[in-house]
Amino acid sequence: MGGGSKRNRGPRHLSSVVRLDRKSLWTLNAVPRKAVYGESLRKFSGKEYRRWEPHRSKLAAAMLRTAYDPALLLPQQGETVLYLGAGHGTSVSHLHDHLCGQDNRLGGRLVSVDLAPRCLRDLTFLAQKRPGLVPVLGDARRHEAWGVLIPRKVNWLFQDVAQAGQVDIFMAACRRFLAPRGMGLLSLKAASERWTGEGEAALFAEVEQRLIEAGYDVSESIELTGYEDHHRLFVVHMPED
Ligand SMILES: C[S@@+](CC[C@H](N)C(=O)[O-])C[C@H]1O[C@@H](n2cnc3c(N)ncnc32)[C@H](O)[C@@H]1O
């Protein structure tokens, strides 16, 4: 085997913070010596990283499954992004490592919306040590209640709400908050949608068709089975104005 392939097997930086080591993703820990959800901590070149578990995070699973460069699925460091369905903060914590870094040295802003008070309690606890993380107790369908927190359109929007009507919720949020050519990522849970009797493949095909008909450029539809069964992640871009 040549030296080039050996080099390819070593850790590879996706950003100054995210690295891929063989089949595992790691983010530079913005809060050293603290794990968020029991993930492993490990040093690379003297710096502490947290393992980004693909069985716990659909974004991590998608990054390991994408046919393209996984870095393309991430927002730019230091920008403002919107995350709908933040849960207890598993994925959000890694995104925060990437977007903001320790003491928010990168100047990012991660607006994280969830409907459940229990999730907000955990997100608020996380935000105490992670400036730039903005927890919002709110309904992804009711922009009027929290939309003021996003005064300018963003270039990156992620949705993982696992409730009926996921596509409509996503398209409405993109229309309101996503900038022209901005990237929207929709994690779709088949079981949350009304059962049509035609199976998951038909449901996913129908969702893709709806997104295309609405004018989105669907650049990838990533199968998450194995990491998260009955889920697919759609990557779309907003049309130009
Ligand atoms: C699968 S969990 C999210 C996990 C999280 N994205 C992660 O990777 O760590 C789905 C979350 O969506 C939230 N949710 C469901 N419907 C919602 C809505 N209409 N608005 C905001 N959050 C919602 C739930 O409370 C739940 O925390």
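This is a predicted model: local features need pLDDT of at least 70, side-chain atom pairs count only at pLDDT 80 or more; totals for chains, interfaces and linings use all residues.
## The open sheet

Five strands, in the order β1-β2-β3-β5-β4, make up an open sheet with antiparallel pairing. At the edges lie β1 (12-13) and β4, each of which pairs on one side only.

Individual pairings can be followed through the sheet. Strand β2 (residues 18-21) is joined to strand β3 (residues 24-28) by 4 bridges in the antiparallel sense, and Arg19 has Trp26 of β3 as its bridge partner. Strand β3 in turn pairs with β5, again antiparallel and over 4 bridges; here Leu25 stands opposite Trp52 in β5. Strand β5 (residues 47-52) also runs antiparallel to β4 (residues 41-44), with 4 bridges between these two strands.

Most residues other than glycine have a negative phi. Ser45 is not a glycine, yet its phi is positive. Is Ser45 buried or exposed? Ser45 is exposed, because 7 other C-beta atoms lie within 10 Å, and a residue counts as exposed at 12 or fewer.

Asp103 shows a positive phi too, of about 55 degrees, although Asp103 is not a glycine. Asp103 is placed in the loop between α3 and β7. With 12 other C-beta atoms within 10 Å, Asp103 is exposed.

## Helix α4

Helix α4 comprises 12 residues, 117-128, and spans 17 Å from first C-alpha to last, close to the 16 Å expected at 1.5 Å a residue. Which residues of α4 are buried? They are Cys119, Leu120, Asp122, Leu123 and Leu126. These residues lie on the same side of α4 because they cover an arc of only 165 degrees around the axis.

Gly132 sits in the loop between α4 and β8. Why does Gly132 count as buried? Gly132 is buried because 21 other C-beta atoms lie within 10 Å, and the cut-off for a buried residue is 20 or more.

Leaving aside residues up to four places away in sequence, Gly132 touches His96, Leu99, Cys100, Asn104, Gly108, Arg109 and Leu110. Arg109 illustrates how folding brings separated parts of a chain together: Gly132 and Arg109 are 23 residues apart in sequence, but their C-alpha atoms are 4.5 Å apart in space.

## Helix α6

Helix α6 (residues 166-177) has 12 residues and reaches 16 Å from its first C-alpha to its last, close to the expected 16 Å. Its buried residues are Gln166, Phe170, Met171, Ala173, Cys174 and Phe177. Viewed down the axis of α6, these residues fall within an arc of 165 degrees, so they line one face of the helix.

The cover over the buried residues of α6 includes β6 (80-84), β9 (154-159) and β10 (178-189). On the other side of α6, Asp168 and Arg175 are exposed.

## The surroundings of the ligand

How many residues surround the ligand? There are 20, and the closest are Gly85, Gly87, Thr90, Ser91 and Ala140. The elements that contribute two or more residues to this shell are α3 and β7.

By residue type, the shell around the ligand consists of 9 nonpolar, 6 polar and 5 charged residues.

Terms used
Residues are numbered from 1 along each chain as its sequence is written. The expected span of a helix is 1.5 Å times one less than its number of residues. The arc is that of the directions from the helix axis to the C-beta atoms. Two strands pair if DSSP finds at least two bridges between them. A residue is near a molecule or strand if its C-beta atom, placed from the backbone, lies within 6 Å of it. Ala, Val, Leu, Ile, Met, Phe, Trp, Tyr, Cys and Pro count as nonpolar, Asp, Glu, Lys and Arg as charged, and the others, Gly among them, as polar. Two residues are in contact if their C-beta atoms, placed from the backbone, lie within 7 Å.
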